[in-house]
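Keep the 3D view open as you read.

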Amino acid sequence: MRLRNIPRAEGTISAHPAVIKRPEDQRGCWKQVFGNKHPIRIEIGMGKGRFLLNMAKQNPGINFVGVERYSSVLLRAIEKYDTEEFNELKNIRFVCMDARKIDEVFAPDEVDRIYLNFSDPWPKARHAKRRLTSVEFLERYENVLVPYGTVEFKTDNTELFNFSLEQVKEAGWTLQSFTYDLHHNEEMNKGNIMTEYEEKFSKKGNPINKMIAVRKQEGTEL
Ligand code: SAH
């Protein structure tokens with residue numbers, strides 16, 4: 001997602017108390033950021049934030065960090081956070097950064113779960129390493145996730161989804177569950193919170209794919 005450049009985005013974001021300005025300074029100290037020991041979950045490529053804000057509202061015992069590369073997009077999430085529906089939430093923070101640097105911002109064992117929703121497909125083969133479910137990214141996630149930490153990924157793009165299932169295997173991770181039609185899979189759809197893209201694409205009639213993958217455990221090299 002890329003929105004028109006919004007001149008006030010940088011200023012609004014850097015002045016907002018829920019935005020962590022120098023996230024690398026918090027590496028290893030995220031529990032202090034929230035002031036409690038609750039587990040921390042992150043969404044990479046949060047977009048306009050509906051999923052994460054609703055997750056935070058429904059799960060006050062879990063802390064959430066939304067990661068988004070573009071300030072113009074993050075601004076939308078901040079504006080939503082500032083509405084009456086969400087502005088009392090204490091368990092959510094936002095970071096504007098490229099996920100490639102995720103392990104410079106979170107320390108080993110600091111993250112409990114990573115959500116990836118409707119990640120950019122990068123369809124050209126030569127850009128495969130940029131996909132957020134590539135082996136290269138899974139290795140970065142291993143550096144921040146707790147031992148049995150998971151990645152939950154939703155997309156309507158079946159090519160990207162199949163690529164991701166293969167990458168999970170190649171990276172030595174465990175596929176816990178998956179479906180090619182989330183909205184008709186009673187068990188996996190339980191408590192599902194729709195993202196902005198999920199609503200848009202499912203309205204068009206596209207089925208939604210979802211997988212849950214468990215991090216490779218140390219000492220399980222093939
Ligand atoms: N999760 C939202 C938005 C999906 S669009 C939804 O489901 O509605 C994908 C989003 O990921 C875009 O906002 C894009 O800017 C962001 N993104 C893509 N690559 C990223 C990266 N490497 N680091 C951080 N954000 C990224």
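Which element gives the largest share of the lining of the largest pocket? Keep in mind that this is a predicted model. The answer is H6, with three residues.

Besides helix H6 (135-142), the elements giving two or more residues to the lining are strand E1 (40-44), strand E2 (63-68) and helix H9 (196-203). By class, the lining splits into 13 nonpolar, 13 charged and five polar residues.

Now move to the second largest pocket, with about 310 Å³ of space. Here 18 residues do the lining, and Glu152, Met188, Lys190, Gly191 and Lys210 are the closest to the centre. Two or more residues each come from helix H3 (50-58), E4, strand E5 (145-155), helix H8 (186-189) and strand E7 (209-214). This lining has seven nonpolar, seven charged and four polar residues.

Last stop: Glu110, which sits in the loop between helix H5 (102-105) and strand E4 (111-117). Its relative accessible area is 8%, so Glu110 counts as buried, the cut-off being under 20%. Leaving out residues up to four places away in sequence, Glu110 touches Gln26, Arg27, Gly28, Cys29, Trp30, Ile40, Val105 and Val144. Take Cys29: 81 residues separate it from Glu110 in sequence, yet their C-alpha atoms are 8.7 Å apart. Glu110 also has a side-chain polar atom 2.7 Å from the backbone nitrogen of Ala107.

How values were computed
Residues numbered from 1 in each chain as written. Predicted model: local features only at pLDDT ≥ 70, side-chain atom pairs only at ≥ 80, totals over all residues. Heavy atoms only, no water. Helix = DSSP H or I, 4+ residues; strand = E, 2+ residues; numbered from the N terminus. Buried < 20%, exposed > 50% of the residue type's maximum accessible area, 1.4 Å probe, protein only. Contact = heavy atoms within 4.5 Å. Polar contact = N/O pair within 3.5 Å; in protein donor to acceptor, adjacent residues only side chain to side chain. Nonpolar A, V, L, I, M, F, W, Y, C, P; charged D, E, K, R; others polar. 1 Å grid on protein atoms, 1.4 Å probe; cavity = no way out; pocket = protein on both sides within 12 Å on 5 of 7 lines; lining within 4 Å. Points joined across faces, edges and corners; volume = space filled by probe spheres on them.
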